[in-house]
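Colleague: I would like to go through the ligand site with you. Could you put the model on screen first?

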Amino acid sequence: MENVNTVRLQETIDFIKNKLVAAPEVGIILGSGLGGLVDECEISLSLAYSEIPNFPVSTVKGHGGQLIFGKINGKEVVMLSGRFHYYEGYSMQEVTFPVRVMKGLGAKLLMVSNAAGGMNREFNVGDLMIIRDHINLFPEHPLRGRNDEHIGPRFPDMTEPYDQYFITKAKQIALRNQIKVHEGVYIGLQGPTFETKAEYKFLHVIGGDTVGMSTVPEVIVAIHAGMKVFGMSVVTDLGIREENNIITHEEVLEAAHKAAPLMAKIFKELLGEI
Ligand code: HPA
């Protein structure tokens, strides 16, 4: 089986291209509760997922379900407001389809954000973390299947998926704006349960600083296709407390909403420096 249906992909790209005034240079995926960046965008085109041929349709609370085109800080961007999670039942092909579309429309950089649990003892709820690296614990790989060499290599290198240039720039931006940021490793797994205490401990021991249910498949597909990647987590809950650790989706969204303006500031300034 092909890992991407290129005919359907091209159909989607052609449909969108016909409506676009300018090709996007950057693709942005906004995590749960992190839609604030949309307010910074001079929107030129907004498409509901349901209008776009072959696009999956979003189901989760807190997600808008729009593909938004426009300018942020002078850069042409395409924003996915409402991502597709594996736990919703989408296949890995569906989860990563928007990244392939973004790349096909011209995006060379993918910027991703997510709400995540924190395992690092230095982290507090509401903190931001620049993703330096990830650990893939999803049960399925988005590149499984026959590889199309026109898109990327069979065995993509993963030594530095998160581009050092953007990490350095983002840290400078945070410093100059007095925004506290950590840097660390994000672990992606399928959910939809939050982790048990023993699982959080395990995830910390194997090298994770944050954990969430997204991002990794999209990043893998972006790297495969030759895009550069920048990513950030908002710590929405802590998985390291000794006491009972009850987490709700509402709590996660609330913490994400609070931190969203700071993350939006970093993304916006970063776009101005590309
Ligand atoms: N675990 C997994 N996914 C999450 C978490 C978490 O603690 N918080 C937000 N998304």
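Predicted model: local features only at pLDDT ≥ 70, side-chain atom pairs only at ≥ 80, totals over all residues.

**The ligand and its pocket**

Modeller: By class, 7 nonpolar, 3 polar and 2 charged residues form the shell around the ligand. Here Ala, Val, Leu, Ile, Met, Phe, Trp, Tyr, Cys and Pro count as nonpolar, Asp, Glu, Lys and Arg as charged, and the others, Gly among them, as polar. Residues are numbered from 1 along each chain as its sequence is written, and side-chain values use heavy atoms, without hydrogens and water.

Colleague: Which ligand atom lies 2.6 Å from a polar side-chain atom of glutamate 195?

Modeller: That atom is a nitrogen. Tyrosine 200 places a polar side-chain atom 2.6 Å from a ligand oxygen, and aspartate 237 likewise has one 2.6 Å from an oxygen atom of the ligand.

Colleague: Which elements give two or more residues to the shell?

Modeller: They are β5 (109-118), β8 (210-212) and β9 (228-238). β5 gives the most, with 3 residues. Strands are DSSP runs (E, at least two residues), numbered from the N terminus.

Colleague: Changing topic, which residues lie nearest the centre of the largest pocket?

Modeller: Ser32, Ala115, Phe194, Met213 and Val252 do, out of 21 lining residues. A pocket is an open set of points on a 1 Å grid over the protein atoms alone, where a 1.4 Å probe fits, with protein on both sides within 12 Å along at least five of seven lines; lining residues have an atom within 4 Å of a point.

How values were computed. Polar contact = N/O pair within 3.5 Å; in protein donor to acceptor, adjacent residues only side chain to side chain. Helix = DSSP H or I, 4+ residues; strand = E, 2+ residues; numbered from the N terminus.
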